[in-house]
Amino acid sequence: MVAFGKKLKERSIEEWQEYYINYKLMKKKVKQYGRQIEVGSLDRRHVLKDFSRMLDYQIEKISLFMLEQQGLLSSRLQKLRECHDALQDEPDISQISNLREAYRSVGQDLLQLLVFIDMNAIGIRKILKKFDKRFGYRFTNYYVKTRADHPYSQLQQVFKHVGLGAVVGAISRNLHELQNNQGSFLSIYDQPVVPLQDPVVDSIKNAVDRLTRSTNFLNFMAQHALIMQDEDLLLPHDEQADQEEGRYHFMSLLLNLANTFLYMVNTYIIVPTADDYSMSLGAAATVCGVVIGAMAVAQLFSSVYFSAWSNKSYFKPLIFSSIVLFVGNLVYALAYDFNSLPLLLIGRLFCGFGSARAVNRRYISDCVPLKIRMQASAGFVSASALGMACGPALAGLLQTNFKIYNLTFNQDTLPGWVMAIAWLMYLVWLAISFVEPAREPEEVHISQESNSDKDGNMEKGLTKQLLLAQEETEHQDDEDDCDGSEESAEDSRKPANSIVAAYKLLTPSVKVQLLIYFMLKYAMEILLSESSVVTTYYFGWSMSSVSIFLFCLGLTVLPVNLVVGSYISNMFEDRQILLASEIMVCVGILLSFHVVIPYTVPQYVISGFIMFVSAEVLEGVNLSLLSRVMSSRLSRGTYNGGLLSTEAGTIARVIADATITVAGFLGQSMLLNVTLLPSLIICVGSIVATCFTFNSLY
C-alpha cells in the first residue's frame, strides 16, 4: 500500500494533472502551520484564514474544470443527438452501430471524469481530516457548513455534481434506444423495466451510485444496522464485487433475515405474559424482569462466540443457534408443568445462547454484493422491527387453555411451544437450502481490512456529503506518512483482537454515542418489560390489551425511520437531531412518573409513545453516525463495531431487567417511579455528555 499522495499521482490523467487537488502542497502547508504556531510566528486565526483561502482555490479549480468537461461532453452528445435524429427517418444498421460506439466513447470519458471527481473528493476530505488532527479542533465542520450552505457553493459541485445526472441520462437513454435496434426506437421512459445490457452504462451507474450516496430512507436504514463496509476506490471494474457475486446466495440471505426476525419474535413474545407466568410458579410479578432479562444475559456471551465462529463458518453457527433456541423454548414451555422457576430461567438462558445476530450481520457484510448490501442491511433492520412488533401481537392471539396428556397449553406456555415449532421448521429449511459461501484465504482477508480509519469525531449533518463520499483504502498509511506514526501498515489494518483493544480504538465522541445507545436501550427495556406489571396494577389491563399496546409501539419503528431518513435528517444537522431526540426521551420519562395526581391511561400511553418514538429516532441517527465514524479496524474480525454496539445495548437491557426485579421488593406501587429514576439520570447524563463533547471542539 502506498500513501494517498502517491496514489493520486499514479492514477491521475496526465493531461488533467494541473486540475487535481495539490495534495502534496497542502500537506506541507499543514506541517508548516504546525511549526509556525509552535514557535509563535503565526496565530491560529491567521492559519484558519490562510488555509481556507487555499482550499477554496483548490476546490474552485476542480469545480470549474468539471464544468468545462461537462460542457465538452454535452457538446459531443448534442452532435450525436443530431445524428440520432437523422437516423429516425432512414434507419441504417451500420450507422446505428457506429453511433452506439460513439455514445460508448462518451460514456468512457464520463467514467474518467467520475474517477477524477472521486480522487479529488477523497483528497479534500483527507486534507481536512489532517488539518483537524494536527490542530485538535473541528475545522471540517465549520468549513463544510459555511461552504455547503452558500447559494454559490463550489463544494457542492464536487460532492453533489448534479449536472452530471443529465449527461448520464442522455447516454443511458440513447444507448437503450440503439440497443439491438432494428428500426424501432423505444425510450427507457416508455419501458423502464427493460434492463440495459450495455457494460459502459452499468459501470457509469455503479460509479454514480457510489459517488452520489445521500441520506435517504434505504441508506438510513442500512446504516441503522451498523454493518460497516470496506469500500475500495471507485474503479470501472471491481474484482472484489465479482468475488462477492460468486459467494452470494439469495436463499441463504433470506435465511439470515428469517433468523433475525424469529429471534426478535422470540425475544418479545413473552413480554405480555412473563409476569403471569412468574406468578403461576409462585414468584412475584416483578420477577418477570429476571425472566425477560435472562435472554439478554446469555446474549452477552453468545454474541462473542458467534462473532468468532462466523470467522470460519456461517452454516454451522446458524444450525447450532436453531437447535439451542428449539431446546430453550421447549424447556420454557415445560417449566409450567414441572412447576419450576429455575427451569423457566434456564429455558430463557438457552434462548439467549442461541442469539446469532452477529452471524446475520457478518453474513451481510462479507457475502452480499456491494450493489445490494444497502438493501440487505435495511432488510436486517426491517426484519428486527417486524419481529419486535409481531412478538407481542402473536402472544395476544394465544388465548387458549387445554391439555394434551400431561402437557399444558395456555397463554403462558404457548409462546414457548409456538417458537419451538417455528425454530424446528426453520432448522429443516436451513439444512435444505443454506449454501455455505467459499471462505477467502486469511491473508487475503486481512489485506482487505485496510479501509480508511474514520476520524472518530462526530460530524454535523451538513458534513454528510463529505463522509458519504467514496472511502479510500490507503488512509492509515497516509496518516502514518504525515504524522510519523510508528505503527506498521500491517498493524494498522489488523482487526481488534479483544474487547479491550476494540474499546481503545474508540474516540471520545464514539464513546458518547455508545453511552447514548446504552441509555435509549435501557429506557426502552424499562418501558417494555414492566408494561404488563404496571398496566395491570394501575389500569387492570388484560394480557390482550398489553399485547395491543406493545404491538402498536413496535409498528412505529419503520414509519419513524422513514420520516427521519427521508426528511428530518435532510433538514437538520445530526447533532441537532441527536440532542432534540435525547431531550424528548427525557420529556417522555418525566411524563411517565406517577406523582400526586391519579395515574391515567392517557398519561401512560402518551408518555410511553413519546419515549419510545424519540428513542427510535435517536437510535436511527446514532447508529447511522456510528457506522460512519468508527475505525475501519472495527469493520471486521470477532470484536467488530456491530459486536460493541450489541454488547452495549445488551448490557443496558440486562441492567434494566434487573432493576425491575430489584425494585419489585419495594412493592408494585413503587415500581414505576423507582425504575424510571435511573432512566432519567442516565438520560440527563447522556444529554450533558452530548453537549460537552460536541461543543468542546471548534
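Hi everyone, let's start inside: the lining of the largest cavity divides into twelve nonpolar, seven polar and six charged residues. Nonpolar here covers Ala, Val, Leu, Ile, Met, Phe, Trp, Tyr, Cys and Pro, charged covers Asp, Glu, Lys and Arg, and polar covers the others, Gly among them. This is a predicted model, where local features need pLDDT of at least 70 and side-chain atom pairs pLDDT 80 or more, while totals for chains, interfaces and linings use all residues. Residues are numbered from 1 along each chain as its sequence is written, and side-chain values use heavy atoms, without hydrogens or water.

A cavity is a set of points on a 1 Å grid over the protein atoms alone where a 1.4 Å probe fits but cannot get out, and lining residues have an atom within 4 Å of a point. The largest cavity holds about 430 Å³, a volume being the space filled by probe spheres set on points joined across faces, edges and corners. Nearest its centre are Met264, Arg357, Tyr517, Lys521 and Glu619. H17 gives the largest share of the lining, five residues; helices are DSSP runs (H or I, at least four residues), numbered from the N terminus.

Now, the cores. A nonpolar core joins buried Ala, Val, Leu, Ile, Met, Phe, Trp, Tyr and Cys residues through side-chain atoms within 4.5 Å, buried meaning under 20% relative accessible area with a 1.4 Å probe, protein chains only. In the largest, of 111 residues, Met388, Tyr426, Ile589 and Phe612 touch the most other members. H24 gives the most to this core, 14 residues. Apart from it lies another core of 44 residues, including Trp16 and Leu80.

Terms used: 1 Å grid on protein atoms, 1.4 Å probe; cavity = no way out; pocket = protein on both sides within 12 Å on 5 of 7 lines; lining within 4 Å. Helix = DSSP H or I, 4+ residues; strand = E, 2+ residues; numbered from the N terminus. Buried < 20%, exposed > 50% of the residue type's maximum accessible area, 1.4 Å probe, protein only.
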